[in-house]
Amino acid sequence: MARRKKIYEGKAKILYEGPEPGTIVQYFKDDATAFNAQKKDVIEGKGVLNNRLSEFFMTGLNNIGVPTHFLKRLNMREQLVRSCEIIPLEVIVRNFAAGSLAKRLGLEEGTPLPRPIVEYCYKDDKLGDPLVTEEHIAAFGWASQQDMDDILSLALRVNDYLSGLMYGVGIRLVDFKIEIGRVYDGDFQRLVVADEISPDSCRLWDLQTGQKLDKDVFRRDLGSLTDAYTEVAERLGVMPKQA
Ligand code: C5P
């Protein structure tokens, strides 16, 4: 049997060449990392949960007309996605103060923000993904002004969709990060939501109790990460409820 060609291995995923040109197989690992990989562990079952959850969110986005790279889930740990050129930015949307924003501006975690705040970080592990402004993005040519308009629109649509979805199951979407890719259709370029959307890249708090149901459980040693992610998956009906 021919071995698949590995294209890239990241902290939480491996990308393989897909079966058809223009496709990629995205494999979800169980590895958890935080603080730019200074804290590491293997959390059994995390990859399976994130594969299912990302499928769920990306399918929903595709269905409401927000384009993503997602094509279909292949098995427990793998999904088929369209290959795209990743724009080297982490696009963060925040509804409530938490994490680095709370620290940077001296805000109490959980403070509602006057409007969703969109931030951009330059994707570079060695530099720890530093915060950048649109000035840097334009000056270094990472994205055009048209791209930035489209990225902002995509980010806010994802925020509205995810916030509503989560609210429906008693969860507050505090913030999240997405990545954006370019796909080419002939002479035309389109931007799509790429990478993954999962509790690894969101802050999700129970609406009633404030309990954290996201990667902060791992970052801050707050208990079982799989229990937290399973809770999210069960509430959304992505995984059957355990008896
Ligand atoms: O750490 P910070 O508060 O800036 O993170 C904001 C949001 O972006 C959080 O939901 C976090 O999980 C996500 N994030 C991410 N990957 C990064 C940085 C932040 O998924 N490299």
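Begin by selecting Asp 195, which is found in the loop between strand 13 (188-194) and strand 14, where helices (H or I, at least four residues) and strands (E, at least two) are DSSP runs numbered from the N terminus. This is a predicted model, in which local features need pLDDT of at least 70 and side-chain atom pairs count only at pLDDT 80 or more, while totals for chains, interfaces and linings use all residues. Residues are numbered from 1 along each chain as its sequence is written.

Asp 195 has a positive phi of about 60 degrees although it is not a glycine. Most residues other than glycine have a negative phi. Asp 195 counts as buried because 23 other C-beta atoms lie within 10 Å; the terms used here are buried for 20 or more other C-beta atoms within 10 Å of a residue's own, exposed for 12 or fewer, and partly exposed in between, with C-beta atoms placed from the backbone.

Next select Ala 37, in the loop between strand 4 and strand 5 (39-42), which also is not a glycine and has a positive phi, of about 70 degrees. Ala 37 counts as exposed, because it has 10 C-beta neighbours inside 10 Å.

Now colour the domains, domain 1 (6-82) and domain 2 (85-225), whose bounds come from an automatic or database domain assignment. Their contact takes 19 residues from domain 1 and 23 residues from domain 2, two residues being in contact if their C-beta atoms, placed from the backbone, lie within 7 Å. On the side of domain 1 that touches domain 2, the largest share, 8 residues, comes from helix 1.

Helix 1 (residues 46-63) is therefore the next selection: its 18 residues should span 26 Å at 1.5 Å a residue, and its end C-alpha atoms are 26 Å apart, which agrees; the expected span is 1.5 Å times one less than the number of residues. The buried residues of helix 1 include Leu 49, Leu 53, Phe 56, Phe 57 and Leu 61. After helix 1 comes Gly 65, with a positive phi near 90 degrees.

Finish at the ligand, where Gly 99, Ser 100, Lys 177, Ser 201 and Arg 203 come nearest among the 14 residues around it; a residue is near a molecule or strand if its C-beta atom, placed from the backbone, lies within 6 Å of it. Strand 9 (89-96), helix 2 (99-105), strand 12 (171-185) and strand 14 (202-206) are the elements that give two or more residues to this shell.
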